[in-house]
Amino acid sequence: CWCSLLRQSYDLLYALGSDFCKMIAKGKNASELFPAVVKNVASKNIEIKKLVYVYLMRYAEEQQDLALLSISTFQRALKDPNQLIRASALRVLSSIRVPIIVPIMMLAIKEASSDLSPYVRKNAAHAIQKLYSLDPEQKEMLIEVIEKLLRDRSTLVAGSVVMAFEEVCPDRIDLIHKNYRKLCNLLIDVEEWGQVVIIHMLTRYARTQFVSPWKVVEVVEEYSENNFYESDEEQKEKDQKVKDTYSMDPDHRLLLRNTKPLLQSRNAAVVMAVSQLYWHLAPKSEASVVSKSLVRLLRSNREVQYIVLQNIATMSIQRKDMFEPHLKSFYVRSTDPTMIKTLKLEILTNLANEANISTLLREFQTYVKSQDKQFAAATIQAIGRCATNITEVTDTCLNGLVCLLSNRDEIVVAESVVVIKKLLQTQPAHHGEIIKHMAKLLDNITVPVARASILWLIGEYCERVPKIAPDVLRKTAKSFTDEDDLVKLQILNLGAKLYLTNSKQTKLLTQYVLNLGKYDQSYDIRDRTRFIRQLIVPNEKSGALSKYAKKIFLAQKPAPLLESPFKGRDHFQLGTLSHTLNSQATGYLELSDWPEVAPDPSVRNVEIAESGVSKKLNTSSSSVTESASSEESSSDSKSELDSKSDSESGKSRSTTTSKVTTQVSVPAKTHELLHRMSGKGLAAHYHFSRQPGIFGDHMVSVQVTVTNTTDHKIENIHIKEKKLPPGMRMHEFSPIECLEPAGSITVSVGIDFCDSTQIASFQLCTKDDCFSVSIQPPVGELLLPVTMSEKDFKKEQGEKYFSSFNKCIWMRRGLCAFQFPSVSCVTAANLGVVPSGQDNIHRFAAKTVHSESLMLVTVELKGSSTAQLIINTEKTVIGSVLLRELKPVLSQG
Amino acid sequence: MIHSLFLINAAGDIFLEKHWKSVVSRSVCDYFFEAQERASEAENVLPVIPTPHHYLLSVYRHKIFFVAVIQSEVPPLFVIEFLHRVVDTFQDYFGVCSEVMIKDNVVVVYEVLEEMLDNGFPLATESNILKELIKPPTILRTVVNTITGSTNVGDQLPTGQLSVVPWRRTGVKYTNNEAYFDVIEEIDAIIDKSGSTITAEIQGVIDACVKLTGMPDLTLSFMNPRLLDDVSFHPCVRFKRWESERILSFIPPDGNFRLLSYHVSAQNLVAIPVYVKHNISFRDSSSLGRFEITVGPKQTMGKTVEGVIVTSQMPKGVLNMTLTPSQGTHVFDPVTKLLSWDVGKINPQKLPSLKGSMSLQAGTSKPDENPTINLQFKIQQLAISGLKVNRLDMYGEKYKPFKGIKYMTKAGKFQVRT
């Protein structure tokens, strides 16, 4: 029957899907299946669809003509009411690497970048990079889209668009200015991968925009330690006055402050990103906050350890103090892989100082005995470095190394010889005994490097061991032909030096060695032989140089510097691939030096603080209030930083704008904040002034009227001890210095309620007393009116119907209010009226103050006693509370 | 960012490849195989390998190399952390992450990888969201799917991705509401020859299994939060609340997750719960060596030490060992030279010991270093740092959940040098 037929065809499709998935996985070419697969792109079955997508992305480039067949399906899906489908259609469309469809992609990206769903906009940001790699000529157009998406306020979009920025136009630093503060403030809520990208980008940005905090270390130190957490404005100002020399740009400080909590992230990449930001941007005294978190990462997987240890190694060269308290965390365990062991050893060596060297050397002694010989050898090198860096222990180390010469393991002995050689060179004064000891070793040791080192030492200091040196030459001349090239060269060297200092005893021997060298297989050795012979053996042809032979051979040689292999890495930005590889990777963006003079900081001031979404909504607005409110919101995020000037301007503004708002909205209802009895004569009332964005975008502004009912002056009225639920913020009014008897004054406070009806508790204080008070907002005050046309409203509603919650109720009581639902609704909640074509349907639109999600209210009158109230929103909680509050308002009248 | 991913098994076969941008030929892995050959052991393969046109970043887990191919500068930890997240996701989906499992579920693997990255940039990495998009395979579901024709792919929008709590899926319903928290502490220590502690620190985690209906808002407070020296949180934890009140306040993800990991540093004295007495000696002349170890409890706060396993990597010169344990079983592998002794429970009245002799290769000199002893153990009902959960409260939902807290102390990297 028909049913089973359908079943079969489904099974077939599914089998086909899985099959080619497996083939792709295996790397086999499945492209001959292409026509059969593409047909299924319009399949209703989501799983089949997804499999087809996987296939398309993989093979479209090879089968371009056939891929084009599928395009129309995606174009249709781009208009789908479901945002998931729109997003995934955009994803696939932009992944099809066929140049012909570039214009279609461009159009789709542009459209998606102003989509209402932040998820679709996020995908648009991803698509930008794909299109750019397909056709770099679209760059200019894409930059426009990036610019637009950078203005987006959604945390979903931020990471992706910054990624696109880094890929397409990392040099357009000017696009960041206006968004800098927003990005800093959003950072903590962005998903972890986005955080990494944004932090790296902001690090580069900050290095071009702020002056170096490092030049005046002492000054900064005091300032930062006192005030890092406190927002004690006065103290800050005072400090800044005293120390004119350097004051950190508040934006610079903002970045440091907002990234610090991310050190607690579970994601190692985020922690590393913050660490490198502090390393490259923070005053020297603050950079050390990162060390604890980095050490924590050492508990992670070996790959994470490897990268983190590398970065610590670079840091520990410049800043021992940062990691010295954690010295023991770098102790090596026998179960660590070799690469981790050597990195830990490197760090331990960097951290060595007079105080800890004795413990370290004891630890090193255990490592030398390790079964991992490669690691043991590295330890000996490390001991050598400690010995040269810390003069107090040079002798101890040298003795220790000499003891190791009697070790049974050849690699250990060889390494010791090499290190001793270097050490002796740094202080050759009194080491005849050690050289004698090493000469004896020559009989047993076979490792070429070690033999060569011993021979060189004896040659160099042959005058200190006059009896032994010729004998050594005699022995090595015998074994010359069997030696390694490295050793042969040193035998020749030794011969030459002895010839010059002690020709009586060694003349013949040297000539014998030179003859052997003349016929050696290696041209290097033949070459050296010829050179030495000409230089030391005087004959008629020898030039002027041979007179200076002794000076040439036995010149004072500078001692080798024993230093960390990580020394040269600090010119790469920490945490980057280039740093790990110690060579510049493709696409590495250099960190610029601090500018001498800071570029104009005002470029970061934001003039119009509006998101892309509300913009779109406003296009069709015709109301007067709208223009007023957009002007109003121009007070930018800077207001959080310097409170004083802004709260004053806020006050002055509130008087001018209140007229405009009263035109639409309401005589505000007054609530009691503090009764005069409990306030010892100080009374306070508040009402919601419904002015958008005086104190930054997310704040609800509250007007507090303080009245003095006593018969004496009340001084210094201010807010203290805010007890806010997490996430909530409050913008205080500046203290009222004095309030005359019977006088009253109105001040504005901004509270970010985070779109919840939680209570904001704080203390209202006078000079002598403190009173605990609290403000709980009615849900209607958490909204800001939005003006839109009926058409837009319906479109939005359609949208929300799919993605979010809607509630409806029926009411059968009360009559009066039905006559004027718009008046009563607007009184109860801060809603914007949408002009309606039908008499019985009233529409209102608003957005929540904090998250700016739309709230659509529809009241439909059905007969004289019934009405339907529908609220469309993504914020269920607020939606249902609003529903509850509007219901009685409507039914009472 | 991430161009392609290759999965390579122990035998050096590429058994899965996935490309997010244009296709990179699998011959790029030759550079990886070269590096693999150079490194003696799998874990010594460098995680970052440069090749002429690409960079290979790899992680090694469950005997599988996950090799990511990238083309330009990117923070290496970004890629490494992501690869680990991929492995965790596979483990979460299939229970174990093995070659067989991945091959059997190749379609799901593909779908998951497709969702995790878009054009090489991570898209959905939260397991709650992924599971909404693509349902993990279970035997029951496979049967149901075949009968009803429904699919693994969720067809609704992953609402979590859009909400303010992206880690929690919406519409969670349980008949039994329960929340379990496991406080697990691991002691990392190095003990020297004489039995004194060289370094010791405690690494703790709180793993949670939360199965609660709706959108519960939990707070967890400690009796002694000051102990926690350095913490890292799941993104759900409200950082500001912790900063100000030292209380963990969060809306939990659904299911299993790691709420918190913390560190108790060496400054606070760490109690070492066990000691090892050892007498291991090689003699230069004879080809026999003596071996004797005894394990005993030290500071265990009256709790039993269980699950004790002693392992030790013997020097190459040891040919065989003849040992008799007073309890438990022991194995010596003459090829890898690994001695492993499964002790079990420690009875303080009768301490477990392992005695006997080692036969050494004749003619070779004695090894310079005595072997290091690695110890594993478990102590139930004890958090060695003394950390105690004070209370757990739930807001936002009406029902009464069942709550449980369990403590455990384990050995982390616990080494005794001899």
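Visitor: How much area do chain A and chain B bury between them?

Guide: This is a predicted model. Start with the area lost at the interface. Chain A and chain B bury about 8600 Å² between them. Carbon and sulfur atoms account for 56% of it.

Visitor: What is the closest N and O distance in the salt bridge of R91(A) with E114(B)?

Guide: The closest N and O atoms are 3.5 Å apart. Then look for shared partners. R91(A) and E114(B) belong to one network with K130(A), K18(B), E115(B) and D118(B), joined by salt bridges that share partners.

Visitor: How many salt bridges does the structure hold over all chains?

Guide: The total is 45. D152(A) and R121(A) have their closest N and O atoms 2.3 Å apart. D152(A) sits in the loop between helix 8 (139-150) and helix 9 (155-168) of chain A, and R121(A) in helix 7 (residues 118-134), so the pair ties together parts 31 residues apart in sequence. D152(A) and R121(A) are both buried.

Visitor: Which distant parts of the chain do R181(A) and D251(A) link?

Guide: R181(A) is in helix 11 (residues 180-186) of chain A and D251(A) in helix 15 (residues 250-259) of chain A, 70 residues apart. Their closest N and O atoms are 2.8 Å apart. R181(A) is buried, at 3% relative accessible area. D251(A) is buried too, at 2%.

Visitor: Is D321(A) buried or partly exposed?

Guide: Apply the cut-off: buried means under 20% relative accessible area. D321(A) has 44% and counts as partly exposed. Its salt-bridge partner is R319(A), with the closest N and O atoms 3.2 Å apart. R319(A), at 12%, counts as buried.

Visitor: Where is D336(A), and what does its side chain contact?

Guide: D336(A) lies in the loop between helix 19 (320-323) and helix 20 (338-351) of chain A. The residue is buried, at 8% relative accessible area. A polar atom of its side chain lies 3.1 Å from the backbone nitrogen of R333(A). A polar contact of 3.0 Å joins the side chains of D336(A) and K344(A). Leaving out residues up to four places away in sequence, D336(A) touches K341(A) and K344(A).

Visitor: Last, the nonpolar core. Which residues of the largest one touch the most other members?

Guide: Of its 235 residues, they are F330(A), F364(A) and F66(B). Take F364(A). Beyond four places in sequence, F364(A) touches L345(A), L348(A), T349(A), T379(A), A382(A), I383(A) and C386(A). Another core, of 73 residues, lies apart from the largest one, and W167(B), F332(B), I379(B) and V416(B) are among its members.

Terms used:
Residues are numbered from 1 along each chain as its sequence is written. Chains are lettered from A and ligands numbered from 1 in the order in which they are written. This is a predicted model: local features need pLDDT of at least 70, side-chain atom pairs count only at pLDDT 80 or more; totals for chains, interfaces and linings use all residues. Side-chain values use heavy atoms; hydrogens and water are left out. Buried area is the accessible area (1.4 Å probe) that two parts lose on being put together, summed over both. A salt bridge is a side-chain nitrogen of Lys or Arg within 4 Å of a carboxyl oxygen of Asp or Glu. A nonpolar core is a set of buried Ala, Val, Leu, Ile, Met, Phe, Trp, Tyr and Cys residues joined through side-chain atoms within 4.5 Å. Buried means under 20% relative accessible area, exposed over 50%, partly exposed in between (1.4 Å probe, protein chains only). Contact means heavy atoms within 4.5 Å. Helices (H or I, at least four residues) and strands (E, at least two) are DSSP runs, numbered from the N terminus. A polar contact is a pair of N or O atoms within 3.5 Å; within protein, one must be able to donate a hydrogen and the other to accept it, and residues adjacent in sequence count only if both atoms are side-chain atoms.
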